[in-house]
Amino acid sequence: MIASARRLAASLAAALAACAYPAAQAAPAAPPPVARSAAPDDMPAEVARLVNQQRARVGCAPLAWDGAAARAAQAHTDDMVRRGYFAHVSPEGGNVGTRVTAAGATWRAVAENIASGQSTAESVVQGWLRSPGHRANIENCVYTRQGVGYRDRVWTHVFYTPL
């Protein structure tokens with residue numbers, strides 16, 4: 001009984017760790033080019049570059065940098081840091097879909113990866129690739145846009161496909 005409850009809890013945690021929603025447009029803008037070892041201000045662009053490298057390995061098209069996705073990701077990261085929580089859902093119940101919509105995009109599929117504690121873009125992407133749910137978001141060829149937020153070792157990566 002206890003073992004099955006633990007398996008259920010672990011399954012639920014993994015499902016929530018990589019929050020994805022199917023189906024609610026902003027013009028893509030290219031992220032700035034980034035050197036291999038990124039300065040803190042360049043971390044979002046470096047994550048985007050590394051994610052696109054991984055997507056190429058599995059046959060997916062690169063994700064375009066998107067201003068609405070970047071605004072939604074940075075706002076969520078800033079909110080988590082400011083208010084001291086770590087979750088896909090804000091204390092008020094907002095989720096990645098509501099955040100992307102509020103940032104000005106309409107979408108038909110949306111997902112989000114979050115992480116905390118990693119000090120480099122390389123380490124956060126590698127961590128996500130070791131997690132089945134996060135990896136599924138990165139390698140999902142349905143998504144066409146991305147944006148990344150970073151502050152104080154807290155990361156948010158938003159993926160979406162316009163409506």
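Close-up 1. S4 and S5 pair in the antiparallel sense over seven bridges, pairing being assigned if DSSP finds at least two bridges between two strands. The two strands form a hairpin with two residues between them, and aspartate 152 in the turn has a positive phi of about 50 degrees. Residues are numbered from 1 along each chain as its sequence is written, and side-chain values use heavy atoms, with hydrogens and water left out. Because the model is predicted, local features need pLDDT of at least 70 and side-chain atom pairs count only at pLDDT 80 or more, whereas totals for chains, interfaces and linings use all residues.

**Close-up 2. Strand S4 and its parallel neighbour S2.** Six of the seven residues of S4 are buried, so S4 is largely enclosed by the rest of the structure; here buried means under 20% relative accessible area, exposed over 50%, and partly exposed in between, with a 1.4 Å probe and protein chains only. Strand S2 (residues 64-65) pairs with S4 in the parallel sense over two bridges, and within this pairing alanine 64 stands opposite arginine 145 in S4.

**Close-up 3. The salt bridge at the hairpin turn.** Arginine 151 forms a salt bridge with aspartate 152, the closest N and O atoms being 3.7 Å apart, under the criterion that a side-chain nitrogen of Lys or Arg lies within 4 Å of a carboxyl oxygen of Asp or Glu. Arginine 151 counts as partly exposed at 32% relative accessibility, while aspartate 152, at 56%, counts as exposed.

**Close-up 4. Serine 116 and its contacts.** Serine 116 lies in strand S3 and counts as partly exposed, with a relative accessibility of 44%. Not counting residues up to four places away in sequence, serine 116 touches Phe86, Arg153 and Val154, contact meaning heavy atoms within 4.5 Å. The C-alpha atoms of serine 116 and aspartate 152 are separated by 8.6 Å, although these residues are 36 residues apart along the chain.

**Close-up 5. The salt bridge between arginine 99 and glutamate 112.** Arginine 99 and glutamate 112 form a salt bridge in which the closest N and O atoms are 2.8 Å apart. The pair links distant parts of the chain, with arginine 99 in helix H4 (residues 96-102) and glutamate 112 in strand S3 (residues 107-116), 13 residues apart. Arginine 99 is buried, with a relative accessible area of 14%, and glutamate 112 is buried as well, with a relative accessible area of 0%.

Close-up 6. The salt bridge between glutamate 92 and arginine 83 has its closest N and O atoms 2.7 Å apart. Glutamate 92 is exposed, with a relative accessible area of 60%, whereas arginine 83 is partly exposed, at 39%. Salt bridges that share partners join Asp79, Arg82, Arg83 and Glu92 into one network, and the count for the structure comes to nine salt bridges.

**Close-up 7. The aromatic pairs.** The structure holds two aromatic pairs, for which rings of Phe, Tyr and Trp (its six-membered ring) must have their centres within 6.5 Å, planes under 30 degrees apart counting as stacked, over 60 as edge-to-face and the rest as tilted. The rings of tyrosine 143 and phenylalanine 159 have centres 5.8 Å apart and planes at 40 degrees, so the pair is tilted. Tyrosine 143 lies in the loop between helix H6 (132-138) and strand S4 (145-151) and phenylalanine 159 in strand S5 (residues 154-162), so the pair ties together parts that are 16 residues apart in sequence. Tyrosine 143 and phenylalanine 159 are buried. The rings of tyrosine 150 and tryptophan 155, with centres 4.2 Å apart and planes at 45 degrees, also form a tilted pair, and both tyrosine 150 and tryptophan 155 are buried.

Note on methods
Helix = DSSP H or I, 4+ residues; strand = E, 2+ residues; numbered from the N terminus.
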